[in-house]
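Good morning, and thank you for coming.

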Amino acid sequence: MTAAVIDPLAPAPHGLWSTHGVRVRRRRGLHRRHTRSDSFCAQRFCAIRHGELLTVEHDIEPDELCDDLAVMLTEQLAVRGALTGHQEFEKVFTGVVRSTVDGGLQSWLRFYRNSLDNLESGSAAFAPIHAWAADQVLGSRVLDLGSCFGFFPLRLSRKGIHVTATDLSAPTMNLLGQVSAQLRRPLRTLTCDAAAVPLPAGAADTVTALHLIEHLPAHANLTVIEEALRLARRRVVIAVPFEEEVRECYGHIQQFSVPVLRDLAVIVGEQVSHDPEELLQQYRAQQQDIQSLRDQLKGILAAALERD
């Protein structure tokens, strides 16, 4: 059975959002505890199941809309069994954002601005990972695999880096493209599988995959990493979570540790080509890039001298 596609920008009435078996509404007035056996009440959310319909009520404020909403939903609903699976988690997450602020793009802009403020100020849980990854980037062109909301590509765009964000979800990439334009953080979006990116070898100086491969089956690890190595001229940056238990609500299906990563690095190292002809072609391409930069610098210098 094919999972229903979530349209994050679909029209919705004030304070209410619904899709394929999930309805989310913003609570008005004081919370009244539900006593039915098919209901569950937490600090900020109530979940009520009626047949195949899940209704979630919440009292989230616009200033609270940010990526940390995932943690709140996990701790208050998912780990207590009130949400079932990754698809339901995504629907409720989207519904909370859309029912908190009126208007499709307006609600997501509030979410993005709050999230980026927290990430770039260092107050978000994910902030150290993004800061570390940004420090690893080499060159002026970056390709990000499995971008999801695209917070990291937006961070790089702000620094003047030419970045392409990719994801398997077309609606997510459409949302990111619209948000990036509104935030004046230009980037390119591309809907594709991280294991088969329709770009030529060496398309980017750095290829990043932050919290991507834990969403993939183990047999796909090597395929995605080899694709990243094919696309990167200078560096590949990968980050994964260390979890005591796999967070299925986030769509995670793999668990990582330092020994697991070491074994994966050994396998990848054995797969990397050391063919002399291929290495020579890579060297020539690098030399062409260097010469192009030299020519650009000469032109800039010449223009400056003419003005003087």
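Let me begin with a definition: two strands are said to pair if DSSP finds at least two bridges between them. Helices (H or I, at least four residues) and strands (E, at least two) are DSSP runs, numbered from the N terminus. The model is predicted, so local features need pLDDT of at least 70 and side-chain atom pairs count only at pLDDT 80 or more, while totals for chains, interfaces and linings use all residues. Residues are numbered from 1 along each chain as its sequence is written, and side-chain values use heavy atoms, with hydrogens and water left out.

I turn to the sheet. In what order do the five strands of the open sheet stand? The order is S8-S7-S6-S9-S10, with parallel pairing. S8 and strand S10 (232–239) are the edge strands, each pairing on one side only. From one strand to the next, the twist averages 20 degrees; angles here run from 0 to 180 degrees between N-to-C directions, and axes are lines fitted to C-alpha atoms, for helices over the stretch in contact.

Strand S6 (residues 141–144) has S7 (residues 162–167) as a parallel partner over four bridges. Within that pairing, Arg-141 stands opposite His-162, and Leu-143 has Thr-164 as its bridge partner.

At S8 (residues 188–191) we find Arg-188. Is Arg-188 exposed, partly exposed or buried? Its relative accessibility is 44%, which counts as partly exposed; buried means under 20% relative accessible area, exposed over 50%, and partly exposed in between, with a 1.4 Å probe and protein chains only. Arg-188 and Thr-164 lie 24 residues apart in sequence, yet their C-alpha atoms are 4.6 Å apart in space. Not counting residues up to four places away in sequence, Arg-188 touches Val-163, Thr-164, Ala-165 and Leu-199, where contact means heavy atoms within 4.5 Å.

Next come the helices around the sheet. Helix H7 (residues 221–231) lies across S6, S9 and S10, and runs at about 145 degrees to S10. How many of the eight residues of H5 are buried? Seven of the eight are, so H5 is largely enclosed by the rest of the structure. Among them are Phe-151, Phe-152 and Leu-154, and also Arg-155. These buried residues pack against H3, helix H4 (127–136), S6, S7, helix H6 (170–183) and S9. After H5 comes Gly-160, whose phi is positive, near 90 degrees.

I move on to the aromatic residues. A pair of aromatic rings is described by the distance of the centres and the angle of the planes. Rings of Phe, Tyr and Trp (its six-membered ring) pair if their centres lie within 6.5 Å; planes under 30 degrees apart count as stacked, over 60 as edge-to-face and the rest as tilted. The structure holds eleven such pairs. In one of them, Trp-108 and Phe-111 have ring centres 5.3 Å apart and planes at 90 degrees, so this pair is edge-to-face. The two are three residues apart in helix H3 (residues 104–121), and therefore separated by about one helical turn. Both ends of the pair are covered: Trp-108 is buried at 1% relative accessible area, and Phe-111 is buried at 0%.

The rings of Tyr-112 and Phe-149 are also edge-to-face, because their planes stand at 90 degrees, with centres 6.1 Å apart. Tyr-112 belongs to H3 and Phe-149 to the loop between S6 and H5, so the pair ties together parts that are 37 residues apart in sequence. Both residues are buried. Ring pairs link Phe-93, Trp-108, Phe-111, Tyr-112, Phe-149 and Phe-151 into a cluster.

Finally, the cores. A nonpolar core is a set of buried Ala, Val, Leu, Ile, Met, Phe, Trp, Tyr and Cys residues joined through side-chain atoms within 4.5 Å. Which residues have the most contacts inside the largest core? They are Phe-93 and Tyr-112, in a core of 52 residues. H3 gives the most to this core, with seven residues. Another core, of 23 residues, lies apart from it and includes Cys-192, Leu-212, Ile-213 and Val-268. Thank you for your attention.
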